[in-house]
Amino acid sequence: MQFHHHGYVSGDPRVKPAAGVGIDRPEELPDHVDVLIVGSGPAGMLAAAQLSQFPNVTTRMVERRPGRLAIGQADGIQARSVETFQAFGFAERIIAEAYRITEMAFWKPDATDPSRIVRAARTPDDPAGISEFPHLIVNQARVLDYFAEFMANSPARMKPDYGFEFVDLEVSDEGEYPVTVTLLHTSGPNEGKERTVRAKYVVGADGARSKVRQAIGCTLAGDAANHAWGVMDVLAVTDFPDIRTKCAIQSGSGGSILHIPREGGHLFRMYVDLGEVDPDNNGAVRNTTIGEIIAKANEILHPYTLDVRNVAWHSVYEVGHRLTDRFDDVLPEDRGTRTPRVFITGDACHTHSAKAGQGMNVSMQDGFNIAWKLGHVLEGRSPESLLATYSEERQVVAKNLIDFDKEWSTMMAKKPEEFADPTELENFYVSTAEFPAGFMTEYAPSMLVAPADHQHLATGFPVGKRFKSAPVVRVGDTNPVHLGHHATADGRWRIYVFADQALPSGGTQPASATDRFAEWIANSPESPLAATPSDADPDAWFDVKVIYQQAHASLDIGAVPAVFKPLVGPFKLTDYEKVYATDPQADIFELRGVDRGGVVVVVRPDQYVANVLPLTATAELGAFFAPLLAPRLEASAASGAVR
C-alpha cells in the first residue's frame, strides 16, 4: 500500500482524501447523476466500488431495502473473486474470517449395504495450483460490507441510497441525461411517493426479477430441469465425520446432498435433493417445510444422524437455466448505430443453479467489466464505443456458465446406478476445476483484446484471459511480492515490461531493447502515455512496470529508465515500486513462459490480458491504444470535468 505522497498520513491509509463529487457529497439523492445503479447486490456493489475511484463521475446506487443486507443466499467465493478482492484491498481480511475449502469428499452407497453411505474418495480443491488465492465460503452480506467500506473510504465517498425501488425508465435520444428513471420511496417520511432521477447511464443489478430488464424489453429464456432442492443454513449436532469438509453425498435411496461448511466453525449449508417436480404443479414443492428438508437429509445421511439445533435460513428452489439475448438496451438491428445507455448485470441477465457456486462470482465480474468502462467514457479517457463491448463480452461468459452448470447440476441429481463410471462425479469435479474457479473466461479479439499474434512470447499470459500473477522481488526495498497484487482496482491500464537480458544502462553504454522501449513510451506522441492529462501524475492512466531477469542485487535502480520511476503527487516524489527483479526461488520468466528477448504484456483495468507484444513492436502498441484513447489536448481539457 502506498501513501504519504500527498503529505503525512497519521490515520487509516485506506481512507483516501475526498475529491471531486466526494467533497461535500449531498446526502439526498440528486435529480441528475452520471450513473444510476439499481440494486446493491454483488454486481451492483462491485460496480459502485469501481466507480467510486472516479471522483469526477457522479454515481449513485439505489436499493429498495431500508438498510444493509443481513443474510445473503450466496456464500461460495471462488479464487477469481478473491483475486478481485485483492485489487479492492480486502482479500486478507475476508480470508481470515471465511471457511477455506481445501478438499472435497465424495460419499456413496456402501456396496455391501446400499442403505448406508461410505466415503468413496477425497479430491484436493485445486490440484493444479490454478491460483495462489483460496476457495472460500463466507456470507454474501459480508462481501457487500467490504465493498461498502471500500466505497465509503474512496475519493467519491460513495454509499448506497437505501429505501428506493425501481419502477420504470425511459430512454431519450436527446439531452445530456437521456435516461429518465422513476423510483418509489419504500421507507422513511416519503414512503409511497414517486421520485424521478435523470441519468446518463443506468446499470440494472436488481436480481432475477429485474424490473430494469423488463423496462428495456429483455426476457430470460431457457428451461427448467423440473428438479427441486431444499437448502438450509443450520447449526446441528451430528456423528457425520465430514461435517467440516465440503462433500457430495449420494445415497442408496437416490437422494443427494451437497454439503458446504460455513465460516465460523459451526454453521453449515446443505443442498438437499427433493427429487423430481411435477411440471403441472411445480408450485407445490415450494411448500416443503424445514422439518421435511431435515428429515430428507437424515434419510440420505444414514447411518449418520443430524440433530438440527438452529436454522439460520432455509429455502426451496427448482433448478432453472435462463439467459437474456442481450445485456444492454440496444436492439440487434441497432447495433453500431447508437450508444447503449442501460445495462443489466448478474441475475438480471443469467440464472442457474446455486450448486456450482457461480452466481455471485460471475455477477461481480459483470459489475467489474461495465464499471471501469463507464468510468473511462465519463472521464473522457475513452470513446463511447467502448460501452458496446460489455454485452459482447459478458453474454458469452454467461452462456458458458449455464452450459457448465447444466452438466454439473444434472450429475448432482443422478442416482448412483445411473453413472456409467462410479468415479464420474469426482472426475468431473477435478477435470473442470478451472472453470468454477473463475479462470476459464477468455474474451475474444475486439477493440479491447488484440489478436494473439505474439502469444508465443508469453505463453503463461494468454491474451483474453485474466493476468495470472507470479512471485517477483521489488528492487527498491528487496521485498518478495506477487506482481499482480500491486494492481489495485483504480481504473488504470497496466503495462508490464519484461526486460531483455541486458542490465539497465543509465545512458553509459548502448541502449538495450528495454531502454529503447522506455524512451518511446515516455516521449513518443504515439505512446498511450501521451493521452494522460498534462496536469495529472504521469502514471494516472497507465501503470507501467518493469521486470528484469537478474537478481535484485545485480540491479542499479539509479540506472533504471525514469518512466519506471515516475514522479508523483504534489511533491513530485519518486515511486520506487514499479521496478522488479526475478525471485530466485520462482523465476517469473520461466513460470509464465516469457521470452528472454523481452516482452510487453498489456492488462486491462479488470485484470484481463489485452495484448502481448515484443519490445520492438511500439507501432503495434500505439495502434492498439489509439481507438481507446482521447487525443492529449482533449483529455487534458476533460480531466477536471465529466463529459
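Predicted model: local features only at pLDDT ≥ 70, side-chain atom pairs only at ≥ 80, totals over all residues.

Which elements do the buried residues of α2 pack against? I looked and found α1, β3 (76-77), α3, β7 (135-137), α4 and α7 (359-378).

**Entry 1: α2**

I checked burial along α2 next. 8 of the 9 residues of α2 are buried, so the helix is largely enclosed by the rest of the structure. I wrote down the buried ones: Ala-79, Arg-80, Ser-81, Val-82, Glu-83, Thr-84, Phe-85 and Ala-87. Just after α2 I ran into Gly-89, which takes a positive phi of about 85°.

**Entry 2: α1 on α4**

I looked up how α1 (residues 42-51) sits on α4 (residues 140-153). The two pack at an angle of about 15°, and their axes are 9 Å apart. Angles under 35 degrees count as roughly parallel, and α1 and α4 are therefore put down as roughly parallel to each other. The crossing of α1 past α4 is left-handed.

Who touches whom? From α1 I listed Pro-42, Met-45, Leu-46, Ala-48 and Ala-49; they meet Gln-140, Leu-144, Phe-147, Ala-148, Phe-150 and Met-151 of α4. Sorted by type, the residues of this contact come out as 10 nonpolar, 1 polar and no charged. A reminder for reading such lists: an α-helix has 3.6 residues a turn, so residues three or four places apart point the same way.

**Entry 3: rings**

How many aromatic pairs does a search of the whole structure find? I got 25. I picked out two of them.

For Phe-90 and Tyr-146, the ring centres are 5.0 Å apart and the planes are at 10°, so I logged the pair as stacked. Phe-90 is in the loop between α2 (79-87) and α3 (91-97) and Tyr-146 is in helix α4, so the pair ties together parts that are 56 residues apart in sequence. Phe-90 is buried at a relative accessible area of 1%, and Tyr-146 is buried at 7%.

Phe-467 and Tyr-496 are also a stacked pair, at 4.6 Å centre to centre with 5° between the planes. Phe-467 belongs to the loop between α9 (424-431) and β19 (471-474), and Tyr-496 to strand β21 (residues 493-498), so this pair ties together parts 29 residues apart in sequence. Phe-467 counts as buried at 7% relative accessibility, and Tyr-496 is buried with a relative accessible area of 1%.

Phe-85 was already on my list of buried α2 residues, and Phe-147 and Phe-150 were on the α4 side of the contact with α1.

The peptide bond from His-302 to Pro-303 is cis, with omega near 20°. I placed Pro-303 in the loop between α6 (290-301) and β16 (306-323).

Thr-478 is not a glycine, but it has a positive phi of about 60°. I found Thr-478 in the loop between β19 and β20 (479-482). Is Thr-478 buried, exposed or partly exposed? It counts as partly exposed, at 42% relative accessibility.

Gln-607 has a positive phi too, near 80°. Its spot is the loop between β26 (599-603) and β27 (609-614), and Gln-607 is buried, with a relative accessible area of 12%.

Note on methods:
Residues numbered from 1 in each chain as written. Heavy atoms only, no water. Axes fitted to C-alpha atoms, helices over the stretch in contact; angles between N-to-C directions. Helix = DSSP H or I, 4+ residues; strand = E, 2+ residues; numbered from the N terminus. Parallel < 35°, antiparallel > 145°, perpendicular 65-115°, else oblique. Left-handed = near helix turned anticlockwise from the far one by under 90°. Contact = heavy atoms within 4.5 Å. Nonpolar A, V, L, I, M, F, W, Y, C, P; charged D, E, K, R; others polar. Phe/Tyr/Trp six-rings, centres within 6.5 Å; stacked < 30°, edge-to-face > 60°. Buried < 20%, exposed > 50% of the residue type's maximum accessible area, 1.4 Å probe, protein only.
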